[in-house]
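Morning, everyone. Have a look at the model on the screen, and I'll walk you through some side chains and then the overall picture.

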Amino acid sequence: MAAQNTTPGQTPHGPHHSDATERDAASVVRHEERLVIHREQEQTGRARLRKYVVSEPVRQEVTVAAEEPDVVRTAVTAEERQAFLDGRELAVGEDEVILYRTEPVVQTVRVPYQRVRLVARRVEHTEVVEDTLRKERVDIETQEDPRV
């Protein structure tokens with residue numbers, strides 16, 4: 001069997017090949033560039049929670065009270081008057097009332113009231129990526145037969 005001359009990219013056809021359209025056809029493969037975009041994650045900084053103590057003056061009004069003695073005078077009852085007139089002595093003695101006052105007593109108490117957490121929140125936005133891509137084009141060139 002005789003070897004047929006072929007060029008790279010062509011398929012040799014045996015002598016019994018009967019497909020005239022494939023035998024007479026020429027073809028090329030077109031290529032073009034496309035963007036393939038990947039994302040990389042890179043560290044952009046750090047965030048840290050730091051707790052510290054500050055002192056600030058506080059002013060709060062509080063109501064306090066104090067008792068003061070007050071003399072109340074009342075008329076003698078009829079029985080007390082009759083006892084005096086009958087010669088009996090009125091009772092002699094002392095009586096007292098205890099006076100009170102309220103004073104503010106200040107005490108500070110440490111109580112938990114809030115938890116503060118630090119989390120990373122993902123914020124997405126769209127960016128436009130621009131580049132120049134190359135594409136292969138195919139033109140047909142014909143040669144006129146000078147014999148015509």
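R34 is exposed, because its relative accessibility is 66%. Exposed here means over 50% relative accessible area, buried means under 20%, and partly exposed lies in between, with a 1.4 Å probe and protein chains only. R34 pairs with E32: their side chains meet in a salt bridge, 3.0 Å from N to O. By salt bridge I mean a side-chain nitrogen of Lys or Arg within 4 Å of a carboxyl oxygen of Asp or Glu. E32 is partly exposed, at 36% relative accessible area.

A word on where this comes from. This is a predicted model, where local features need pLDDT of at least 70, side-chain atom pairs count only at pLDDT 80 or more, and totals for chains, interfaces and linings use all residues. Residues are numbered from 1 along each chain as its sequence is written, and side-chain values use heavy atoms, with hydrogens and water left out.

Next pair. R134 and E33 also meet through their side chains in a salt bridge, 3.1 Å from N to O. What does this pair tie together? R134 sits in the segment after α2, and E33 in the loop between α1 (20-23) and α2, so the bridge links parts 101 residues apart in sequence. Helices are DSSP runs of H or I, at least four residues, strands are runs of E, at least two, and both are numbered from the N terminus. R134 is exposed, at 62%. E33 is partly exposed, at 30%.

Then R122 and E124. Their closest N and O atoms are 3.0 Å apart, again a salt bridge. R122 is exposed at 70% relative accessibility, and E124 is exposed at 63%. The search of the whole structure finds four salt bridges.

Now the nonpolar side. L35, I37, V129 and L133 form a surface patch with about 350 Å² of accessible area together. Patch residues have over 30% relative accessible area and no salt bridge; like charges are joined within 9 Å, and nonpolar side chains (Val, Leu, Ile, Met, Phe, Trp, Tyr) within 5 Å. Areas come from the Shrake-Rupley method with a 1.4 Å probe; for residues, only the protein chains shown count as cover. L133 is in the segment after α2 (78-85). At 36% relative accessibility, L133 is partly exposed.

Finally, the whole protein. How many helices and strands are there? Two helices, zero strands. Of its 148 residues, 1% count as buried. The protein exposes about 18,000 Å², with carbon and sulfur atoms supplying 48% of that.
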